[in-house]
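Visitor: I would be grateful for a close look at a single part of this structure. Please take the annotated active site and explain its surroundings step by step.

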Amino acid sequence: MALNLTHQIGTLAGTPIQMDTGVVSGDSTGTVNASAVWKPVSTDLRCAIQKPDLKDTMSPPVSPCRSPVLSSMRADLSVACRAFATESPTAAAVTEFSEEVGGEMYKQGGLQEKGNGVPVFVMMPLDSVTMSNTVNRKKAIDASLRALKSAGVEGVMMDVWWGLVERDQPGHYNWGGYSDLLEMAKRHGLKVQAVMSFHQCGGNVGDSVSIPLPKWVVEEVDKDQDLVYTDQWGMRNYEYISLGCDTIPVLKGRTPVQCYSDFMRAFKDKFKDLLGDTIVEIQVGMGPAGELRYPSYPEQNGTWKFPGIGAFQCYDKYMLSSLKAAAESAGKPEWGSTGPTDAGHYNNWPEDTQFFRKENGGWCSPYGEFFLSWYSQMLLDHGERILSSAKAIFDATGVKISVKVAGIHWHYGSRSHAPELTAGYYNTRFRDGYLPIAQMLARHGAIFNFTCIEMRDHEQPQDALCAPEKLVKQVASATQKAHVPLAGENALPRYDEYAHEQILRAASLDVDKQMCAFTYLRMNPHLFQPDNWRQFVAFVKKMNEGKDVHRCLEQVEREAEHFVHVTQPLVQEAAVALMH
């Protein structure tokens with residue numbers, strides 16, 4: 001939980017690090033020779049030191065709702081307030097350096113052309129644009145972008161919120177803050193992954209602000225509550241419009257898919273000069289948290305808690321109408337009146353329910369197979385419709401299209417994989433639910449973006465049969481079979497080397513093909529605190545170098561230490577500015 005500003009500045013206060021006299025002559029704010037920044041401190045290092053086991057260096061997270069316990073952070077930012085008010089000339093030198101590091105990346109499938117590494121992007125704060133369509137904490141964002149560029153980061157990911165841009169009237173788009181943000185990214189030489197965020201912000205893991213759907217959409221929902229996802233107890237979820245009405249003109253004469261398409265087309269028209277150059281990827285939101293899934297595990301109001309199995313979301317009248325038609329088509333009209341009634345509650349475990357239990361569970365009965373096939377196919381059809389539109393709109397612009405899929409790793413070791421089933425992924429011990437998703441993405445040349453890349457199996461509660469590493473391997477295998485590029489994200493904020501090493505391992509996948517990109521969660525004051533920043537800089541460098549570069553880790557860490565030392569004023573400015 002964030003500390004108040006006074007407490008944060010007090011915590012960060014300490015003795016400033018002096019610049020290396022061998023690098024900077026004269027005053028500490030003098031110009032740095034950028035070409036020397038990443039040169040090895042010693043060119044004849046011999047490494048015979050084994051890397052210690054890091055398993056006990058931190059308390060790992062045990063659920064997607066909890067942040068890890070971080071190690072103690074060094075308090076050496078006594079000049080932070082002064083740095084916030086004045087811009088250090090060091091920044092110019094670091095920017096010059098970072099242009100060398102950045103290179104030509106993220107082309108033709110995403111691999112950088114310099115070396116064989118994985119380009120790293122960083123997610124921007126959810127509230128980077130205010131409700132009045134201006135950049136939030138503009139000076140902080142600017143300082144942060146310069147710091148990220150200095151570390152060799154390829155670019156940033158930003159949510160382009162439907163609820164902000166088309167807030168007041170249908171077809172009226174206010175791109176205010178986004179125009180400024182994109183120009184800032186361009187000025188600093190950073191690429192952008194733009195997320196078409198058609199969901200509500202608030203109610204999911206990590207949501208720190210509240211951004212509702214557009215006012216005029218909410219007005220229509222107020223008139224017809226069946227426009228949003230509904231569970232078997234009648235509880236409505238307002239995060240995203242139900243895919244059951246994708247093709248029905250329920251939003252003031254337009255279908256939801258038409259609204260999404262018009263929004264993407266307006267984005268393309270507004271920023272056409274930046275597409276393919278600054279804007280390199282369009283991630284198309286397809287559900288809650290921007291993920292292609294049902295809102296089966298809503299955290300808001302304590303409805304769901306990890307590691308509950310969640311609940312099916314098919315009880316609005318539009319979904320039930322489709323279910324009825326599917327049952328009649330299958331010659332089983334009695335199956336079309338409702339979803340499973342024995343699938344338990346949000347916080348049950350599989351064996352608590354008749355439907356999900358391993359022995360003679362309803363999930364593997366003829367009815368269960370019918371229902372789960374329909375439920376998952378509706379999700380695939382939803383993705384197909386929106387991707388078809390996105391591909392047509394952004395064709396020949398030079399941008400990649402991507403789709404985010406949730407890493408639902410709890411109860412993965414059970415037979416039924418209940419939490420994946422309620423989310424719409426028909427993945428069981430006997431069926432690969434991720435290959436159909438990958439094949440759907442392949443038809444449109446889209447990237448498969450997957451979460452939970454930083455997690456290890458043993459970090460999670462074993463009684464819940466969590467297996468994030470096995471899940472990542474399954475998804476990687478599916479994308480290879482479908483010939484789809486795979487990108488990754490971390491599901492929780494992690495700043496420790498242990499998590500970074502897991503990401504590095506997962507990014508190479510121990511196969512012939514690496515991830516095409518990795519997006520790091522998230523730009524905030526914690527990232528720029530000294531120990532975290534040092535770890536992050538070394539992590540980015542290792543990712544950029546790629547799996548074929550076997551360099552001494554101690555040397556990389558020495559280089560990172562040296563670079564952090566030189567760029568301290570710039571990072572201090574970013575850290576303090578973000579706290580305001």
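This is a predicted model: local features need pLDDT of at least 70, side-chain atom pairs count only at pLDDT 80 or more; totals for chains, interfaces and linings use all residues.

Guide:
**The annotated active site**

In the unreviewed UniProt entry, the annotation "active site" covers E291 and E489. UniProt positions are given here in the numbering of this structure, feature names are shortened, and annotations may be inferred rather than shown by experiment. The two residues span 199 residues in sequence, yet no two of their C-alpha atoms are more than 12.2 Å apart, so they gather at one spot.

Residues are numbered from 1 along each chain as its sequence is written, and side-chain values use heavy atoms, with hydrogens and water left out.

E291 lies in the loop between β6 (279–284) and α9 (317–329); helices (H or I, at least four residues) and strands (E, at least two) are DSSP runs, numbered from the N terminus. With a relative accessibility of 8%, E291 counts as buried, a term that means under 20% relative accessible area, against over 50% for exposed and partly exposed in between (1.4 Å probe, protein chains only). Not counting residues up to four places away in sequence, E291 touches M286, Y297, K404, A406 and T451, where contact means heavy atoms within 4.5 Å.

E489 belongs to strand β9 (residues 486–489). Its relative accessibility is 1%, so E489 is buried. Leaving aside neighbours within four places in sequence, the contacts of E489 include M123, M157, Q283, K404, N449 and T451.

K404 deserves attention next. The side chain of E489 makes a polar contact with the side chain of K404, at 3.0 Å. A polar contact is a pair of N or O atoms within 3.5 Å; within protein, one must be able to donate a hydrogen and the other to accept it, and residues adjacent in sequence count only if both atoms are side-chain atoms. K404 is found in strand β7 (residues 400–405) and is buried, with a relative accessible area of 13%. Not counting residues up to four places away in sequence, K404 touches several residues, among them E291 and E489.
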